[in-house]
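Please examine the sequence and structure shown below.

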Amino acid sequence: MDARILPPTPEAIAEAADLLRAGQLVGMPTETVYGLAANASDPDAVARIFSAKGRPNDHPVIVHVAAGDDLSRWAAHVPGAARRLMDAFWPGPLTLILPRAPGVPDAVTGGQDTVGLRCPSHPVAQALLAAFGGGVAAPSANRFGRISPTTARHVADEFGAAVPLVLDGGPCEVGIESTIVDVSGELPLLLRPGHISALALSEVLGTAVLTRSQMDDRRAVPRVSGSLSAHYAPRTPLKLVHADRLPGEVAAARAQGRSVGVWSKRDPGGAAVWVEAPADPEGYAHALYATLRELDARGLDVLMLEQPPETLEWSAVRDRLGRAAVGSGPA
Ligand code: TXA
Ligand code: MG
């Protein structure tokens with residue numbers, strides 16, 4: 001059986017909120033990617049997320065809150081740096097890791113002493129959060145390690161009847177997961193790059209935001225599944241290739257009788273399928289997961305993606321592509 005995909009009418013949103021109250025899962029659009037939503041206060045409902053995704057139980061999930069919600073239910077306190085980032089970027093594609101409040105289910109935090117909070121800007125997510133009236137746990141609505149969904153159809157295809165209702169909020173504008181900043185310690189730490197850049201965060205905070213690689217390794221590393229080296233992966237083997245070397249690599253694969261799908265700015269010639277890649281990082285991120293899914297569904301032998309530029313604006317895209325290449329099928 002298929003999941004039901006409904007346009008976000010007031011009736012559909014009310015039904016989705018009822019399903020959340022009943023401990024069920026709902027596909028929720030956000031501006032980044034679609035989430036697999038459950039009542040964050042109900043450990044059994046959160047457990048359903050983990051079994052549907054096939055995700056290890058000790059991975060924490062983000063709690064989504066409505067604009068203006070009282071955060072004291074979730075966070076023990078909101079440090080000044082967190083407050084400044086919320087004022088600047090909420091609602092929006094930014095997740096903050098904060099000290100957890102007592103009573104936040106271990107199923108949400110993975111048993112850690114912190115909790116991830118995000119206030120999404122997508123109007124359908126906000127409408128659902130308001131109708132539900134509580135925190136909503138929602139990881140990306142894909143099976144563990146696989147490509148994140150950016151349309152309602154992706155969610156329905158991935159889960160079928162395990163998710164009774166998917167609200168259709170259209171294709172996600174940002175297209176890659178939220179930036180995650182840990183503000184629970186002394187120094188703000190960038191755990192996952194995203195649309196909101198380290199530079200933009202630093203400007204608001206007036207201090208540098210460290211990345212994981214710059215982090216003092218005496219500090220315990222929080223578990224972030226998006227930080228596993230293999231993630232966001234298609235089943236077809238995926239290679240990142242420098243633009244100059246694409247024509248030669250495609251020709252070499254063809255000489256071995258292998259069919260090649262290419263995503264690049266210019267057609268290298270010889271590919272069974274070539275898709276033109278956007279030249280700007282925002283356009284590229286927006287198209288990334290849908291394009292990977294399309295190419296993966298073509299039954300090709302190998303996918304070759306043009307290596308993105310090494311510049312700062314491309315860091316979130318480089319991060320996702322690197323993991324997709326590691327996690328793809330054997331080359
Ligand atoms: O854009 C997004 O953030 C999407 C949409 C649906 O909101 N959600 C998303 O969730 O990407 P998920 O579960 O696929 O990724 C959330 C990441 C995970 O890697 C998880 O480990 C990390 O956030 N996370 C959640 N709570 C955490 C915590 N307390 N400490 C460290 N990492 C945490
Ligand atoms: Mg995910």
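A disulfide is a pair of cysteine sulfur atoms within 2.5 Å. The model is predicted, so local features need pLDDT of at least 70 and side-chain atom pairs count only at pLDDT 80 or more, while totals for chains, interfaces and linings use all residues. Residues are numbered from 1 along each chain as its sequence is written, chains are lettered from A and ligands numbered from 1 in the order in which they are written, and side-chain values use heavy atoms, without hydrogens and water.

The whole structure contains zero disulfides. The sulfur of Cys119 lies 16 Å from the closest cysteine sulfur, that of Cys172, which is too far for a bond. Both residues are buried (under 20% relative accessible area, with a 1.4 Å probe and protein chains only).

| Residue | Relative accessible area |
|---|---|
| Cys119 | 3% |
| Cys172 | 1% |

Helices (H or I, at least four residues) and strands (E, at least two) are DSSP runs, numbered from the N terminus. In helix H6 (residues 152-159), six of the eight residues are buried, among them His154, Glu158 and Phe159. The buried residues of H6 pack (contact means heavy atoms within 4.5 Å) against several elements, including strand S3 (35-39) and helix H2 (43-53). Gly160, which follows H6, has a positive phi near 55°.

A nonpolar core is a set of buried Ala, Val, Leu, Ile, Met, Phe, Trp, Tyr and Cys residues joined through side-chain atoms within 4.5 Å. The largest has 47 residues, and Leu85, Trp90 and Leu96 are among those that touch the most other members. H2 supplies the largest share of this core, five residues.

Note on methods: Buried means under 20% relative accessible area, exposed over 50%, partly exposed in between (1.4 Å probe, protein chains only).
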